[in-house]
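Please keep the sequence and the coordinates at hand while reading.

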Amino acid sequence: MAKTQKAQLNVRVDEDTARAAREKALARGMSVNRYIEELVRQDTGEAGRTFVEAAADFMRQYEKVFDEEIGEARR
């Protein structure tokens with residue numbers, strides 16, 4: 001397996017956010033660094049794109065129904 005270069009990123013968060021990150025990482029059996037890395041990958045990755053595309057497709061398919069129920073003024 002090829003090594004990938006790692007970049008260091010320092011962020012500041014409030015104590016509640018830091019505590020939540022530590023707890024979630026511990027519950028998943030991983031480091032906080034790994035936990036945050038996975039969150040960013042999920043947010044920018046294929047799963048996110050697939051969800052957004054599916055949601056957009058859903059809205060296109062049911063646009064007329066929404067317009068009838070809610071009205072075009074709400075858009």
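The model is a predicted one. Under the criterion that a buried residue has under 20% relative accessible area, 8% of the 75 residues of the chain count as buried.

The secondary structure consists of four helices and zero strands. Read from the N terminus, the order of elements is therefore written α-α-α-α.

One feature of the surface is a nonpolar patch of about 370 Å², to which F58, M59, Y62 and V65 contribute. Of these residues, V65 belongs to helix α4, which spans residues 63-70.

The charged side chains form another theme. Side chains of opposite charge can pair when their charged atoms come close. The structure holds seven salt bridges, each defined by a side-chain nitrogen of Lys or Arg within 4 Å of a carboxyl oxygen of Asp or Glu.

Helix α1 covers residues 15-27. Within this helix, R19 and D16 are three residues apart, so that about one helical turn separates them. Their closest N and O atoms lie 2.9 Å apart in a salt bridge. The two partners fall into separate accessibility classes: R19 is partly exposed at 38%, whereas D16, at 54%, counts as exposed. A further salt bridge links R22 to E15, with a distance of 3.3 Å between the closest N and O atoms. Here R22 is partly exposed, with a relative accessible area of 46%, and E15 is also partly exposed, at 47%.

Helix α2, residues 32-44, contains both E37 and R34, again three residues apart and about one turn of the helix from each other. These two residues form a salt bridge whose closest N and O atoms are 3.9 Å apart, a distance that meets the 4 Å limit. E37 is partly exposed, with a relative accessible area of 23%, and R34 is partly exposed at 40%. Through salt bridges with shared partners, K6, R34, E37, E38 and R41 are joined into one network.

Rolling a probe the size of a water molecule over the atoms shows where empty space is left. The largest pocket holds about 530 Å³ of space. Its lining comprises 15 residues, and those nearest the centre are A7, L9, N33, I36 and E37. Sorted by class, this lining has six nonpolar, five polar and four charged residues.

The second largest pocket contains about 210 Å³ of space. Among its lining residues are V11, V13, T17, R22, Y35, I36 and L39. The elements that supply two or more residues to this lining are α1 and α2, and the largest share, five residues, comes from α1. By class, the lining of this second pocket has nine nonpolar, one polar and one charged residues.

Methods:
Residues are numbered from 1 along each chain as its sequence is written. This is a predicted model: local features need pLDDT of at least 70, side-chain atom pairs count only at pLDDT 80 or more; totals for chains, interfaces and linings use all residues. Side-chain values use heavy atoms; hydrogens and water are left out. Buried means under 20% relative accessible area, exposed over 50%, partly exposed in between (1.4 Å probe, protein chains only). Patches are made of residues with over 30% relative accessible area and no salt bridge: like charges are joined within 9 Å, nonpolar side chains (Val, Leu, Ile, Met, Phe, Trp, Tyr) within 5 Å. Accessible areas come from the Shrake-Rupley method with a 1.4 Å probe; for residues, only the protein chains shown count as cover. On a 1 Å grid over the protein atoms alone, a cavity is a set of points where a 1.4 Å probe fits but cannot get out, and a pocket is an open set with protein on both sides within 12 Å along at least five of seven lines; lining residues have an atom within 4 Å of a point. Grid points are joined across faces, edges and corners, and a volume is the space filled by probe spheres set on the points. Ala, Val, Leu, Ile, Met, Phe, Trp, Tyr, Cys and Pro count as nonpolar, Asp, Glu, Lys and Arg as charged, and the others, Gly among them, as polar.
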